Amino acid sequence: MFVRRTPKEDGRRNLILVYAFLSMVLGFSVVLGTYSRRSELAVAYDMLVTSLPMLFLDRPARMSAFIASFTAFFCGMSFLFDKPDVMPHDIGNAIIISTISIMVNTYMIHTKAQKLVYERALYHQSEWDVLTGLRNRNSYEKRLKELPEKIQTGLAVVYADANGLHELNNDHGHAAGDQLLQTVAGTLQKTFGRDAAYRIGGDEFVVLLPDADRNETNRKLHAAQEAIRAQGWEIAAGVAYSEKEGLDVNALIRMAEHRMYQQKKAYYSETGHDRREHLPGDGKAEQKE
């Protein structure tokens, strides 16, 4: 019966095989340099230990223990079988070269780790918004390209905008505006999921929900708006839904944006601060639900 191994199990198995192979090669070189050629300086072991960090890298502690154990084995074999005039040189060379090999392995692992940390930081900056912790515009554009292949039944889109951000920044400073954006982002993330919400502009957010239920999406959005309102803020939001057949993702997003602007227009009219005389999306919706 075929048993499927996990990537972790495969990695552990491969690591064991590598160490087994290296042990066989180093063991052979120890015997060759001491027992088989007692009157000659060992060359094979020294060369292999020198090149080991170029052939294989592992955690410094594990690699150091591995090299040290074979160096001790080599020194023991040299003491037992080498000629008296050769033995001190073999042992001295083995200790020096093994130490250098351990230092090189440690340095290369450290360099590799720094590179991975740097690459991970760059990836995070390219995919995630620093202020809110949501996925950013770059990640959003990538997601739009992938969506058609991942949708099974349909797509729900939520387009949200933080109300009053401009006035808040002017009256109370950008720290207050940042707090508003973080509140909106945290609520959307908590309500719809970490990977569903995107900050695509200064105060604009989009939630993409493949195969979501229309009624459930509306319920969640209402709950999110109430949660934000309870903290003293307001968001305008629009929802659009389409079945997979005939889906036009960009048109669906424009529809959700249009409905958001309608809600925002009503909000500013009610509060007496209608600063958006010409709202984008006031035209006719472009895709039937």
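The following questions and answers examine how terms are assigned in this predicted model.

Q: Why is Q225 counted as buried?
A: The relative accessibility of Q225 is 12%, and buried means under 20%; Q225 therefore counts as buried. Q225 sits in helix α8 (residues 214-230). Beyond its neighbours within four places in sequence, Q225 is in contact with I235, A236, A237 and Q263.

Q: Why is R229 called partly exposed?
A: R229 has a relative accessibility of 34%. Buried requires a value under 20% and exposed a value over 50%, so R229, at 34%, counts as partly exposed.

Q: What makes the contact of R229 and E226 a salt bridge?
A: The N to O separation of their side chains is 2.5 Å, and the criterion is a side-chain nitrogen of Lys or Arg within 4 Å of a carboxyl oxygen of Asp or Glu. Because R229 and E226 are three residues apart in helix α8, about one helical turn separates them. E226 is partly exposed, with 37% relative accessibility.

Q: What makes D129 and R199 a salt bridge, and which parts of the chain does the pair link?
A: Their closest N and O atoms are 3.1 Å apart; with a cut-off of 4 Å, the pair therefore counts as a salt bridge. The pair links distant parts of the chain, 70 residues apart: D129 lies in the loop between α4 (87-127) and α5, and R199 lies in strand β2. Both D129 and R199 are buried.

Q: What makes β2 and β4 the edge strands of the sheet?
A: The open sheet has four strands in the order β2-β3-β1-β4, with antiparallel pairing. Strands β2 (197-199) and β4 (235-243) each pair on one side only.

Q: How do you know that β1 and β4 pair?
A: Pairing requires at least two bridges, and β1 (residues 154-162) and β4 have nine, in the antiparallel sense; the two strands therefore count as paired. Residue A160 stands opposite A237 in β4.

Terms used. Residues are numbered from 1 along each chain as its sequence is written. This is a predicted model: local features need pLDDT of at least 70, side-chain atom pairs count only at pLDDT 80 or more; totals for chains, interfaces and linings use all residues. Side-chain values use heavy atoms; hydrogens and water are left out. Buried means under 20% relative accessible area, exposed over 50%, partly exposed in between (1.4 Å probe, protein chains only). Contact means heavy atoms within 4.5 Å.
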